[in-house]
Amino acid sequence: MPSAISESHGITAVGSFGAFLHDILARAEFIKPTATIEPALNKSDFQDLQPQLAQVLGADLSQSNDPADLKKAQRFAVIETAVRDTFSNLIATIPIDSPDFVKVWNLFDILSILSDSEQCDPALLFWLVEELLDSQTIAGCRKVFDFLESRRERITAKHFRQKQLVILRTCNELLRRLSRALDPAFCGRVFIFMFQSFPLGDKSSVNLRGEYHVENVTTYDQTPADADGADKMDVDVKTPDAKKQQQQPEKHLDPDALYPIFWSLQDSFNQPKKLFDPQHFAAFKAGLEATMATFRTLKEPPRSKDKEKADEHKRALKRKREDAAGDLATAFNPKYLTSRDLFKLEISDLAFRRNILVQVLIVMEFLLSLSSKAKEKLAGIKAPNKSVTYSDQQLNEEDTKWVGKMKHMIAEYLKNGVDGAYFYRMVETVLSRDKNWVRWKVENCSSIELPSLPADMFVEAKSTAGRLAATKRLRAAPLGSLSLSFLDDGGDEAGAMEKLKAPDRYTLPDLATFRRKIADDDFEIEMPTNNETKAAAMEGKASKSWRALRIASKYKLASFDKIDDDDKIDYIFEEQKQSTGEEEESGIDEGSVFVWLAHLGVAEDGGDESFDFGDYLGAYLGVWEYTVAGGGGFLDYAWHFGSLT
């Protein structure tokens, strides 16, 4: 196509590169036969591009990589001139709705490949995009932005410093052309493209001086509707008495009386610094309280079931971009309709009330940043940004309580209605994140980028993570576990089972065996080798004494009366006296005699009497000696008799 070949402008290299570019575009049509933006052309599709460029321009492009090199600057100028001529011919002859306009998208992809290889100016692609946007209508700009969004990661990956100013200028010029009332979705796309293109810590979009958009003025009818309506509410700038204010019930105003008060709040939203004036702040408080009182009296009309089903169906479906843009345009408008005749209908709309209250919450957060607690948090910053700290302003304690109360009231109100909890959660999340950005701005936008990790540290961390995540083999004998080697016994299972059946494993030991062991422990306690052996001996003696007492309780319970000290239990090891034959031959039942004597009161006659009890009912083997004393003898005999029986 001869019209696509650029003129030489008196320079042979420009004409040569123009013809070469025409051939490359022809090759691109075979590589990408579709007429759509996708798929993109890649460097692998033109592997012989660099040798051909060296042949066309008559120089080896692999040399002299210094940007200040004169030859490289000349090559950049030659390529830019030829590309601009080709681009101008394409957009002049092919409308953007035509399928042949894919040649422009292919040209942009080729420039992206040349830019990444440092064979042309990195900003050349965005210069052409800027000219293309200027030459198109809003509908055409949407298609151009479709291309930019599809190639964003690729065209901003390299040499971003040379491109960022052109990107910023192009997007700002496009935003000036767009109407935020008619094209809010497209404006959002432009902002999102900039946010995703620029680094998170870039200062180009930060309002460091804390300026407000004072040009966005809300105009409304300030003439009163009638004389009576003006007298319905007297907005006094003086702070009312707290006691009287608590006694007065909360009253709401009719729409005509609320109209000027409600729209006057926009002055504070537009310029929050006006609230530094006490009179303006008092009027703001009165107007906001009147607005909230009216809002709380409004009730949302009941929704029909058919409408609820339709809304649920809309949420379930995936909307196309055009449909979503239309929905946003109908649900959001940056400029309010301030006609007095429409005011009653506006405040009856839940979406309108929510938009206003979100504005109020933003102002509430601004006022809370002036409280004493907020000032204390900023005291630790070494070099704060004085433009946004307002160090000469501080909210007093009474106003701080009022702001907190009003914020809580608005939060509870936003939670009501359709999807109220979800809506307030979303608003609260945005405001909480905005606090972090405000803090970052106060700190003069310190760098939030972390330095890259060294290669050796990355390798070490990777190996450590792999080592920790690897499956470990179990030990044959885990730490802290008891050895079970006693069950082996040389592989003889029958012998191991016989050992488990040994009588000494389940029969009670003889009481006499503990006597020597306790004596050894006493010796070690009195003359210990060290503190550890003494502690072990004391623990061993306590265990042996307890087991000896348990065994002795079976047939030597009487010996327990002689034990006065827990550490001295020798009495249970003494042999008991055997009963005499005369006592056995007498045939006298000593237990019966004892009961009989106790019944007759013999035990209560004074004097000393001794009674020897022998083997009674097989329970006691020794001889008991008991002296009957006057007064308590009967009870003592009764106790011993009870122990015998």
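This is a predicted model: local features need pLDDT of at least 70, side-chain atom pairs count only at pLDDT 80 or more; totals for chains, interfaces and linings use all residues.
The protein chain has 28 helices and 2 strands. Of its 645 residues, 33% are buried. If you take the contacts with a separation of 6 or more, 69% of them are between residues 24 or more positions apart.

Let's go to the salt bridges. How many does the structure hold? The count is 22, and I'll walk you through a few.

Start with K285 and D399, where the closest N and O atoms are 3.3 Å apart.

Now look over at D97 and K143. Their side chains meet in a salt bridge at 2.3 Å, N to O. D97 is in the loop between α3 (70-93) and α4 (102-116), while K143 is in helix α6 (residues 138-150), so the pair ties together parts 46 residues apart in sequence. Here D97 is exposed, at 61% relative accessibility, and K143 is partly exposed, at 32%.

Then there's R209 with E211, whose closest N and O atoms are 3.4 Å apart. R209 is exposed at 60%, and E211 is partly exposed at 48%. And if you like networks, E38, D109 and R151 are linked by salt bridges in one.

Next, a loop residue: S371, between α17 (350-368) and α18 (372-377). S371 has a relative accessible area of 8%, which makes it buried. What does its side chain reach? That would be the backbone oxygen of L368, at 2.7 Å. Leaving out residues up to four places away in sequence, S371 also touches L395 and T400.

Last stop, the surface. L200, W437 and I448 form a nonpolar patch there, and together they have about 310 Å² of accessible area. L200 belongs to the loop between α9 (184-197) and α10 (227-230), and at 60% relative accessibility L200 counts as exposed.

That's my tour, thanks.

Methods. Residues are numbered from 1 along each chain as its sequence is written. Side-chain values use heavy atoms; hydrogens and water are left out. Helices (H or I, at least four residues) and strands (E, at least two) are DSSP runs, numbered from the N terminus. Buried means under 20% relative accessible area, exposed over 50%, partly exposed in between (1.4 Å probe, protein chains only). Contact means heavy atoms within 4.5 Å. Patches are made of residues with over 30% relative accessible area and no salt bridge: like charges are joined within 9 Å, nonpolar side chains (Val, Leu, Ile, Met, Phe, Trp, Tyr) within 5 Å. Accessible areas come from the Shrake-Rupley method with a 1.4 Å probe; for residues, only the protein chains shown count as cover. A salt bridge is a side-chain nitrogen of Lys or Arg within 4 Å of a carboxyl oxygen of Asp or Glu. A polar contact is a pair of N or O atoms within 3.5 Å; within protein, one must be able to donate a hydrogen and the other to accept it, and residues adjacent in sequence count only if both atoms are side-chain atoms.
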